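Here are my notes on this one, in numbered points. Have the model open while you read.

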Amino acid sequence: MKIRRLRVTDFAAIREADIELGTGLNVLYGTNDLGKYTLADAIRLALLMPHTSTHIEEYVPWSGGQNPIIELTFESEPQRIWRVRKEFRKGGAATLEESKNGKDFD
């Protein structure tokens, strides 16, 4: 599996992040408390956690009551691209869409 893009909105201390990953090795680096580990957690939660889980409460934005949103685009094999989008907490939703070209999702 190759991760192509990660979009995070209102997730813990991250108000908004949109990261497009390239081919090969991608490295997140920087000083402490920039959100590197939080972004890694977002990937894990997008793939493994149900959008209704109460475990998400620790990731509710520090500034208020918005619902955390994670959108992860990944390639499982050539020409098989997926996008999972989860909005967590009450009233949230989860969707999984497929694309052949990485632009048009069904």
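1. Start with E71 and R7: their side chains make a salt bridge with the closest N and O atoms 3.5 Å apart. The term here means a side-chain nitrogen of Lys or Arg within 4 Å of a carboxyl oxygen of Asp or Glu. This pair links distant parts of the chain, with E71 in strand 3 (residues 69-77) and R7 in strand 1, 64 residues apart. Helices (H or I, at least four residues) and strands (E, at least two) are DSSP runs, numbered from the N terminus. E71 is buried, at a relative accessible area of 13%, while R7 is partly exposed at 34%. For those words, buried is under 20% relative accessible area, exposed is over 50%, and partly exposed is in between (1.4 Å probe, protein chains only).

2. Before you go further, keep in mind that this is a predicted model: local features need pLDDT of at least 70 and side-chain atom pairs count only at pLDDT 80 or more, while totals for chains, interfaces and linings use all residues. Residues are numbered from 1 along each chain as its sequence is written, and side-chain values use heavy atoms, with hydrogens and water left out.

3. R7 has another partner: D18 forms a salt bridge with R7, the closest N and O atoms being 3.7 Å apart. Because D18 lies in strand 2 (residues 14-20) and R7 in strand 1 (residues 2-11), the pair ties together parts that are eleven residues apart in sequence. D18 is partly exposed, with a relative accessible area of 43%.

4. E98 is partly exposed at 22% relative accessibility, and K100 is exposed at 53%.

5. Five strands form an open sheet in the order 2-1-3-4-5, with antiparallel pairing. Strand 2 and strand 5 (93-99) are the edge strands, each pairing on one side only. From one strand to the next the twist averages 15°; axes are lines fitted to C-alpha atoms, for helices over the stretch in contact, and angles run from 0 to 180 degrees between N-to-C directions. Two strands count as paired if DSSP finds at least two bridges between them.

6. Seven bridges join it to strand 1, and eight join strand 3 to strand 4. I70 in strand 3 stands opposite V8, and its bridge partner in strand 4 is K86.

7. Two hairpins are worth a look. Strand 3 and strand 4 have two residues between them, and Q79 in that turn has a positive phi of about 65°. Strand 4 and strand 5 have five residues between them, with R89 in the turn at a positive phi of about 85°. Strand 4 and strand 5 pair over seven bridges, and I81 has S99 in strand 5 as its bridge partner.

8. Last, D41, which sits in helix 1 (residues 36-48). Is D41 buried or exposed? At 8% relative accessibility, D41 counts as buried. Its side chain meets that of Y59 in a polar contact of 2.3 Å. A polar contact is a pair of N or O atoms within 3.5 Å; within protein, one must be able to donate a hydrogen and the other to accept it, and residues adjacent in sequence count only if both atoms are side-chain atoms.
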